[in-house]
Amino acid sequence: MFHFRKPKQPEVGAEAEQAPEAPAREPAAEPAAESLFEVEAHAAPATDETPGDLAEGLQKSRGGFMSRLRGLLKSGPAEADWDSVEELLIGGDVGGALAAEVVERARARKDSPTAEAAVREELAALLIPSDPRWRPARATPDQPAVLLMVGVNGTGKTTTIGKLAHLYRAEGSSVLLAAADTFRAAAIDQLRIWSDRSGCQFVSHAPGADPAAVIYDAIDAAVARHVDIVIADTAGRLHTKSNLMDELAKMRRVIDRRLPGAAPEVLFVLDATTGQNGLAQARVFHETVGLTGIVLAKLDSTAKGGIVFAIEDALHVPVRFVGVGEKLGDLLPFDPAAFVSALFA
Ligand SMILES: Nc1nc2c(ncn2[C@@H]2O[C@H](COP(=O)(O)OP(=O)(O)O)[C@@H](O)[C@H]2O)c(=O)[nH]1
Ligand SMILES: [Mg+2]
């Protein structure tokens, strides 16, 4: 048995902070069968959210390692203290091997007027192109686009889903949220609140249910109702727990079976404050489910924004979004050039 909910009107002016965990409640009664196929009432998108600001979100990084780095890079490439530059890049989470490479290449640049220009160009060259207007694609017009959100515990998956739902609803897309984090009742409730707030449809099972079954039902409901985008929440899991990683692989297989050729987006939500530890996690997730994109959450909370370069270099998977706060508008499409400019501004 699964629960399906039609979208509600978003609460304009509602608090945009993390959805509070609602008190546990009895599962709703099973909906009448025909309610599955009611014409979807598109809720008006919420308009009370001002988009977050990248420069503001990067304030800690700009004031941290970047301000010291800029100080070191005022001279021409020949006079710069390159050992200190390398140390600062490592301190900013760029990672040892990559920092050494960047410095070596920047030093070798003969065409740069300043050491700063050389480092800036080398850092920019590391980033994988990503169009900030990127949208998850549907394989055919009668299939929804599917986003599977994965990562370890507490990285910001559910909050990111709330922000994404808000973004896509504001653009007029219909969105269905799948509560495939069945581990705790509170996790289901947290997603339900985001779904109500942004006017999404919602599919859940009882706590403890097989998450792959939730995804199966969510896709069925989305196909039946011509929903544009399905976003599936998953329970946080440690990359070292192989049974939980197998469970994730099963979710992935269910999507592939139910929507052959759909190429779902698997977004890894990385907590930017975990730094280089996050890279080891990301690699295992990538091997298990094939990551297609990265969301770097909590970039506002770290002074080490260099993790962006490290994760892209490690996985060769593009960063699609950065999270710069807890409000609905605090999810910014990733624009590599704007990111480097904001770091050096
Ligand atoms: N400062 C900041 N906090 C965030 C961001 N994204 C999520 N959080 C917070 O991180 C905590 C965990 O988020 P949650 O979405 O529940 O993580 P999950 O366990 O991965 O689903 C919550 O307190 C969120 O408000 C972000 O971009 N910036
Ligand atoms: Mg969660």
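Predicted model: local features only at pLDDT ≥ 70, side-chain atom pairs only at ≥ 80, totals over all residues.
Residues are numbered from 1 along each chain as its sequence is written, and chains are lettered from A, with ligands numbered from 1, in the order in which they are written. Local features need pLDDT of at least 70 and side-chain atom pairs count only at pLDDT 80 or more, while totals for chains, interfaces and linings use all residues.

**Helix H8**

Select residues 185-198, which form helix H8. Helices (H or I, at least four residues) and strands (E, at least two) are DSSP runs, numbered from the N terminus.

A residue is buried if 20 or more other C-beta atoms, placed from the backbone, lie within 10 Å of its own, exposed if 12 or fewer, and partly exposed in between. In H8, 11 of the 14 residues are buried, so the helix is largely enclosed by the rest of the structure. Trp194 is one of the buried residues. Next, show strand E3 (175-180) and strand E4 (201-204), which are among the elements covering them.

**Helix H13**

Move to residues 336-344, helix H13, where Pro336, Phe339, Val340, Ala342 and Leu343 are buried. Seen down the helix axis, these residues fall within an arc of 160 degrees (taken from the directions from the axis to the C-beta atoms), so they line one face.

Most residues other than glycine have a negative phi. Select His226, whose phi is positive, about 55 degrees. Finish at Ala263, with a positive phi of about 45 degrees, in the loop between helix H10 (242-258) and strand E6 (265-271).

Terms used: Expected span 1.5 Å × (residues − 1). Contact = placed C-beta atoms within 7 Å.
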